[in-house]
Amino acid sequence: MLAIFIKRVLMAIPVLLAVATMTFFLIKLAPGGPFDAEKAVSPQVLKNLNAVYNLDASQWEQYTDYMTGVVQGDFGPSFKYPGRSVTEMISSGLPITFELAMYAILIALVIGILSGVLAALKRNTMLDFIPMAIAMIGICVPTFLMGPLLVLIFGIQLELLPVAGWGQLSGDKILPSITLGFAYAAYIARLSRGGMLEVLNQDFIRTARAKGLTERMVVIKHAMQGGLIPVVSFLGPAIAGLLAGSFVVETIFQIPGLGRFYVEAALNRDYTMILGTTIFFSAMIVFFNLLSDLASLWLNPRSRDV
Amino acid sequence: MSKNSSLWSDAIYRLTRNKAAMMGGGILVALIISALLAPWIAPYSYSYQDLDLGASPPSAEHLLGTDILGRDLLSRILYGARVSLLVGFVATGVALVIGVSWGIIAGYFGGRVDSVMMRIVDILYGLPFIIFVILLMVIFGSNLWLLFGAIGAVEWLTMSRIVRGQVIVLKNQEFVLAAKAMGVSNFSMFKRHLLPNILGPIAVYATLTIPAVMLLESFLSFLGLGIQPPMSSWGTLIKDGVESMEEFSWLLIYPGLTFTITLFALNFFGDGLRDALDPKTTDN
């Protein structure tokens, strides 16, 4: 058990290194330098700029310098916003994105598990059909459509909630969190329904019922533990998806989080910012994948053998 | 063909009895035909501007209204369908080619080849691919063919796992062993013996990949990193619609509706196809 844990953790290190290296050299392939601005810069200025940003060193030297910095948490300067470092921008955006993602995943877990478990227990009744139909909508309506539609309905038509921002007006966190969480609530509802249905037919559930446990105990204590394993394994990939969702949600609601910085950096071709955030995102995704892997290993002893 | 016909005719029979899948299929066929015929059936050209008219709500002349530049929305949705569906099919094709060859080779040769190839797939699974697609678009510019390649290169992983699993089951069956004993070359083994027997799962997974690919494309276009004007896809139409939704809500609602219906249709058809080809999974 411990050996598998250690093996998984160790496997993450070369993966991260490969991602960082690949991103670094891919960015170097990009056409144009960081200082090809609207105004042409004189050769002398360009030379000085290159010296300041260490661009006159050899590729290998730049790479090792950069990687040493990254390990120490220094992602270098932003090329588009002079005077701001990438690390600064990441640390100003991260708490916001993190909070948004937490609300979203909370919404997704509560709504998803409740409706999924209920649908499985009340199979083939309205309590099964209606939530599952809504879940199908949640899966088919993309985030970038769901967000604007919610804004249109609750923000503009009904004037119930603010249409943009984060933490400035009361209730402005509600729409972004729902927008981001809805699709995941849908997936989790389907996964927990499927998982529960599979478990509820098994012998140990019959045993639990036979020995006179209340239905509530059977469901909570016995069935859910096995039935929700698919949900746990889904959480790792879901974090990666949440990140992509945060690009969209933060753009729609004008939230100054990491996702919006990333999209802006991509549109502005702020190469160092892209490089830094890509490495940072990758590290987070690898980390959360690892976490959900380990969690499902812990919950499901059978998968340890494979 | 005679050996396969019972499986396929069975599947087709089951598929035709699945109403949701047939409706999805019907919508898809209608969409594909209208996308192909867009230059002939669209009431206006997608770039024709009636600047005096500006944004107008749906009317007899413009069934779905016009955008800020006075362009007919219905025509733009029809032309957008060409790009969106093209991306869906071509990128899925790329994913199919890579995924199927990878899976067949890994499954058939087994042993060390298999473990190395599948370990690579495992590692790639853990990577933030969406970020890599964005990275590629930033570095090399938003080129339509690059978009196909980049999305295809992201979506092949699951396909390779499915194919590998199937091939491992097949490769110990008598007909494969017999073919091997007769000295059939590896290539014709793949082409003549293995591939025809795994077409079912491949077809199912391909139909389910298309909506995922279309979502990815429209996601990129929505962020401004995908299809660039003057070309338009459904993603760019939705993006434009969002920008002016306060005054002109129809610019968001109709493209959004078209896109959602298409995704529904693809998902229902894919689910139906899976149930038809593999009756065992129907219960879940």
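This is a predicted model: local features need pLDDT of at least 70, side-chain atom pairs count only at pLDDT 80 or more; totals for chains, interfaces and linings use all residues.
1. The contact between the two chains involves 33 residues of chain A and 30 residues of chain B. On the chain A side, helices α1, α6 (143-157), α10 (229-252), α11 (258-268) and α12 each supply at least two residues. The greatest contribution to that side comes from α12(A), with seven residues. By class, the side of chain A that touches chain B divides into 26 nonpolar residues, six polar and one charged.

2. Chain A has 12 helices and zero strands. Its order along the sequence is accordingly written α-α-α-α-α-α-α-α-α-α-α-α. Taken along the principal axes, the C-alpha atoms of chain A fill a box of roughly 85 × 55 × 30 Å. Of the 306 residues in chain A, 40% are buried. Among the contacts in chain A between residues at least 6 apart in sequence, 73% join residues at least 24 apart.

3. Chain B also comes to 12 helices and zero strands, and its pattern along the sequence reads α-α-α-α-α-α-α-α-α-α-α-α. The C-alpha trace of chain B spans about 75 × 45 × 35 Å along its principal axes. Chain B has 284 residues, of which 43% count as buried. For contacts in chain B with a separation of 6 or more, residues 24 or more positions apart account for 69%.

4. Within chain A, helix α1 (residues 2-29) and helix α12 (residues 271-299) have axes that come within 10 Å and cross at roughly 165°. An angle over 145 degrees counts as roughly antiparallel, so α1(A) is roughly antiparallel to α12(A). The crossing of α1(A) past α12(A) is right-handed.

5. Which residues of α1(A) and α12(A) meet? From α1(A) come I4(A), F5(A), R8(A), V9(A), A12(A), V15(A), L16(A), V19(A), A20(A), T23(A), F24(A) and I27(A). Their counterparts in α12(A) are Y271(A), I274(A), L275(A), T278(A), I279(A), S282(A), A283(A), V286(A), L290(A), D293(A), L294(A) and L297(A). This contact of α1(A) with α12(A) has 19 nonpolar, three polar and two charged residues.

6. On the α10(A) side the contact is made by L243(A), S246(A), F247(A), E250(A) and T251(A), and on the α11(A) side by G259(A), R260(A), Y262(A) and V263(A). By class, the contact of α10(A) with α11(A) has four nonpolar, three polar and two charged residues.

7. In chain B, helix α6 (residues 129-140) has 12 residues, which at 1.5 Å a residue should span 16 Å. The end C-alpha atoms of α6(B) are 16 Å apart, in agreement with that expectation.

8. Is α6(B) enclosed or open, and why? Of its 12 residues, 10 are buried, so α6(B) is largely enclosed by the rest of the structure. The buried residues of α6(B) are F129(B), I130(B), I131(B), F132(B), V133(B), I134(B), L135(B), L136(B), M137(B) and V138(B). Their cover includes α1, α10, α11 and α12 of chain A, together with α7 (144-170) and α10 (199-223) of chain B.

9. P211(B) is found in helix α10 of chain B. With 22 other C-beta atoms within 10 Å, P211(B) is buried, because 20 or more is the requirement for that class. Leaving aside neighbours within four places in sequence, P211(B) is in contact with L263(B), L266(B) and N267(B). P211(B) and F264(B) are 53 residues apart along the chain, and their C-alpha atoms are separated by 8.7 Å.

10. F204(A) is found in helix α8 (residues 203-210) of chain A. Is F204(A) buried or exposed? F204(A) has 12 other C-beta atoms within 10 Å and is exposed, because that class takes residues with 12 or fewer. In sequence, F204(A) and L275(A) are 71 residues apart; in space they lie 51 Å apart, C-alpha to C-alpha. L275(A) is one of the α12(A) residues that meet α1(A).

Conventions: Residues are numbered from 1 along each chain as its sequence is written. Chains are lettered from A and ligands numbered from 1 in the order in which they are written. Axes are lines fitted to C-alpha atoms, for helices over the stretch in contact, and angles run from 0 to 180 degrees between N-to-C directions. Helices (H or I, at least four residues) and strands (E, at least two) are DSSP runs, numbered from the N terminus. Angles under 35 degrees count as roughly parallel, over 145 as roughly antiparallel, 65 to 115 as roughly perpendicular and the rest as oblique. A crossing is left-handed if the near helix is turned anticlockwise from the far one by less than a right angle, and right-handed if clockwise. Two residues are in contact if their C-beta atoms, placed from the backbone, lie within 7 Å. Ala, Val, Leu, Ile, Met, Phe, Trp, Tyr, Cys and Pro count as nonpolar, Asp, Glu, Lys and Arg as charged, and the others, Gly among them, as polar. The expected span of a helix is 1.5 Å times one less than its number of residues.
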